[in-house]
Amino acid sequence: MSRSVLFPLACLTAGIFLGSPSQAQSTNRFNFHVGGGFTQPVQKAEGRVDLGWNAMVGGGVNFSPHTGIMAEFGFQNMDLTQRVLRAAGAPAGTTRVYSATLNPIIRFNPRGRFDSYAVGGGGFYRRTLEFTEPTIDVVTGFDPFYGVFFPVNVPSNIVLGSFSQNKGGLNIGAGVSFRVRGDSNAKFFAEARYHYIYTTPVRTTLLPVTFGFRW
């Protein structure tokens, strides 16, 4: 595993030792979360895509204060590197990854103000590679003051080629969370999770770092 993977995971898992006991809290039967952040390509994806961004939303069931399971939808977007674009003869391009996964979670200090957790699982991934060319489209605008229609130039992209794969994949990671109030189950969180997707001929490996809110 590369250094770019180990460093964020090490920082987050260090939070395991930072949790402090707090007053007893009731545990919700269900859990929900939403977040977003940046995505770092690692290992086989390095040199093929640039740093990108991610978003995710999910929910699930808590079996106990320490354990639960979450169904999660994720999206990641990264631009292709100049090396890949030159090889393809395209001026621009992106890679998008959609995922629908089922992920068990283990919380180490669920009743404390500060908590840390481990999460991992797997499921369905769809990776789309798209080569594009910038262009200008002309649309019709309207000025309500003068009551006139007029042409407007807006930037757009021509899709030169699009290639998708639907594959299975795995993920594993860790995070830390901070309770909003001492008597609340709502928490802010930060996590890093390593994704390994069985795309061919080369596997897709990504490390999204995500910040968000769970309750």
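**Close-up views of a predicted model**

View 1. Arginine 193 pairs with glutamate 191 in a salt bridge whose closest N and O atoms are 2.7 Å apart. This is a predicted model, so please read every distance here as a property of the prediction. In general terms, side chains of opposite charge can pair when their charged atoms come close.

**View 2. Glutamate 191 also meets arginine 214.** Here the closest N and O atoms of the salt bridge are 3.7 Å apart. The pair brings together distant parts of the chain, with arginine 214 in strand β8 (residues 204-214) and glutamate 191 in strand β7, 23 residues apart. Arginine 214 is buried, as is glutamate 191. Which residues end up in one network through shared partners? Glu72, Glu191, Arg193 and Arg214 are joined by their salt bridges.

**View 3. Glutamate 72 reaches arginine 193.** Their side chains form a salt bridge with an N to O distance of 3.0 Å. Glutamate 72 belongs to strand β3 (residues 67-79) and arginine 193 to strand β7 (residues 187-197), so this link spans 121 residues of the chain. Both glutamate 72 and arginine 193 are buried. For context, a search of the whole structure turns up five salt bridges.

**View 4. A patch of positive charge on the surface.** Lys44, Arg48, Arg83 and Arg86 gather here. One of them, arginine 48, is placed in the loop between β1 (30-41) and β2 (52-62). Is arginine 48 buried or partly exposed? With a relative accessible area of 39%, arginine 48 is partly exposed, because the value falls between the 20% and 50% limits.

View 5. Strand β1 gives the largest share, three residues.

**View 6. Valine 61 and its surroundings.** Valine 61 lies in strand β2. With neighbours within four places in sequence left aside, the residues in contact with valine 61 are Arg29, Phe30, Asn31, Gly68 and Ile69. How far apart are the C-alpha atoms of valine 61 and asparagine 28? They are separated by 8.6 Å, although the two residues are 33 residues apart along the chain. Valine 61 has 24% relative accessibility and is therefore partly exposed.

**View 7. Threonine 132 in strand β5.** The strand covers residues 114-143, and threonine 132 is placed in it. Is threonine 132 buried or exposed? Its relative accessibility is 9%, so threonine 132 counts as buried, the limit being under 20%. Not counting residues up to four places away in sequence, threonine 132 touches Pro91, Ala92 and Gly93, and also Asn157, Ile158, Val159 and Leu160.

Conventions: Residues numbered from 1 in each chain as written. Predicted model: local features only at pLDDT ≥ 70, side-chain atom pairs only at ≥ 80, totals over all residues. Heavy atoms only, no water. Patch = residues over 30% accessible without salt bridge, like charges linked within 9 Å, V, L, I, M, F, W, Y side chains within 5 Å. Areas by Shrake-Rupley, 256 points an atom, 1.4 Å probe, with all protein chains shown as cover. Salt bridge = Lys/Arg side-chain N within 4 Å of Asp/Glu carboxyl O. Lys, Arg positive; Asp, Glu negative; His and termini not counted. Charge placed at Lys NZ, Arg CZ, Asp CG, Glu CD. Helix = DSSP H or I, 4+ residues; strand = E, 2+ residues; numbered from the N terminus. Buried < 20%, exposed > 50% of the residue type's maximum accessible area, 1.4 Å probe, protein only. Contact = heavy atoms within 4.5 Å.
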